[in-house]
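Student: Please show me how to read a structural model, one feature at a time.

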Amino acid sequence: MSAPGVDVSILRVEGLAKSFDLTPSLLARLTGRGPLKVLKAVVDVGFSLVEGETLGLVGESGCGKSTVARMIVGLETPSAGRVLFRGHDLARAGERRRQWRQGGRIQMVFQDPFASLNPRWRVGRIVAEAFAATGQHLPTAEAEARVAALLEQVGMPADAIYRFPHEFSGGQRQRISIARALACEAKLLVCDEPTSALDVSVQAQILNLLKDLQTQHRLSYLLITHNLSVVRHMSRAIGVMYLGRLVELRDTRQLFENPQHPYTRLLMETVPRLHRRRRQAEVSPGELPDPIHPPPGCAFHPRCPLVNERCRQNLPESHAVPGGRVACHAVEEGRIP
Ligand SMILES: Nc1ncnc2c1ncn2[C@@H]1O[C@H](COP(=O)(O)OP(=O)(O)OP(=O)(O)O)[C@@H](O)[C@H]1O
Ligand code: SF4
Ligand SMILES: [Mg+2]
């Protein structure tokens with residue numbers, strides 16, 4: 001427990017939102033007249049991540065997970081809300097640069113490491129370049145020694161330094177991108193489906209590597225995946241997103257023992273062994289609605305077995321439940337079976 005008023009979070013996201021203007025006509029877009037097409041990819045998302053811990057983010061394809069990640073690392077500008085890194089608002093001029101200088105760095109680990117590794121550079125250079133990119137100007141011998149140590153730490157063979165990314169498997173390439181993040185002295189890794197492209201056995205190796213590195217370097221992870229077993233294994237807390245919103249945010253154990261939001265329960269059905277109890281056709285799987293025209297009220301209502309008139313009209317506010325919070329009228333009204 002921390003003292004009252006002391007924020008121990010390394011990352012805090014408040015009211016984060018991102019809309020994409022997809023209006024086909026430039027004139028309509030500029031004047032705001034005519035049929036506008038706006039996709040609200042992320043709406044009012046808030047959470048915090050305690051240093052040294054992992055927060056998982058789950059939800060179906062298109063629910064906004066990567067957009068949240070991209071706003072945190074600065075690849076996308078939020079339409080609203082704040083991203084606070086160690087209490088500093090990263091959107092403020094110079095703040096992101098200052099954080100980099102101080103070594104409080106955020107790095108992203110992507111699903112496809114190949115796309116983010118320069119194919120023409122040898123692995124040694126790829127990792128060493130991270131020193132320069134983050135303002136660490138090391139003498140050559142020291143840089144070489146550190147690159148070798150980092151590659152060893154992530155389980156790469158010693159001769160990897162002299163080889164090219166294409167000479168390695170997907171899992172090894174992911175190890176290289178993790179070594180590069182460590183070379184940046186990253187404190188927070190935003191991992192977007194880091195193992196989804198890998199074979200199951202290799203997935204486990206990479207996840208275990210991430211866990212070991214977390215302990216050794218007190219790293220914090222925001223781990224995005226659609227695989228509930230992976231986040232359960234890795235995370236202290238889990239956020240469940242639906243159509244751009246965070247519908248449930250809970251301590252991992254409590255989420256799995258007693259999921260509250262009907263959508264979370266639907267997701268849990270994909271982990272059959274754990275939730276056989278709930279396998280009666282409680283929730284109709286249904287289709288994800290069109291994000292440009294989301295249903296009114298609770299966006300999950302067309303798929304929800306507990307829907308009532310209030311759900312069709314009013315957006316549920318997030319409220320406290322054991323181990324976190326949830327946004328659902330039925331939970332608030334005690335209608336959850
Ligand atoms: N640059 C963009 N321009 C327009 N729409 C976008 C853009 N990026 C994302 N979107 C849309 O925003 C929504 C959220 O996308 P996002 O990639 O964040 O989802 P996701 O949860 O990461 O999905 P997945 O599991 O498939 O990776 C989707 O409807 C997507 O089509
Ligand atoms: S608010 Fe209503 S429709 Fe939405 S998840 Fe809860 S019960 Fe279902
Ligand atoms: Mg994504």
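Student: At what angle do the axes of helix α6 and helix α7 cross?

Tutor: Two packed helices are described by the angle between their axes and the distance between the axes. Here the axes of α6 (residues 140-153) and α7 (residues 170-183) cross at roughly 130° and come within 9 Å, the axes being lines fitted to C-alpha atoms over the stretch in contact, with angles from 0 to 180 degrees between N-to-C directions. Helices are DSSP runs of H or I with at least four residues, strands runs of E with at least two, numbered from the N terminus. The model is predicted, so local features need pLDDT of at least 70 and side-chain atom pairs pLDDT 80 or more, while totals for chains, interfaces and linings use all residues. Residues are numbered from 1 along each chain as written, chains are lettered from A and ligands numbered from 1 in written order, and side-chain values use heavy atoms, without hydrogens and water.

Student: Which residues of α6 and α7 meet?

Tutor: R146, L150, L151 and Q153 of α6 meet A179, L182 and A183 of α7, contact meaning heavy atoms within 4.5 Å.

Student: Which strands lie at the edges of the open sheet?

Tutor: The sheet has eight strands in the order β6-β7-β8-β3-β9-β10-β12-β11, with mixed pairing; two strands pair if DSSP finds at least two bridges between them. Its edge strands are β6 (105-109) and β11 (319-321), each pairing on one side only. β6 pairs with β7 (residues 186-192) in the parallel sense over five bridges, and I106 stands opposite L188 in β7.
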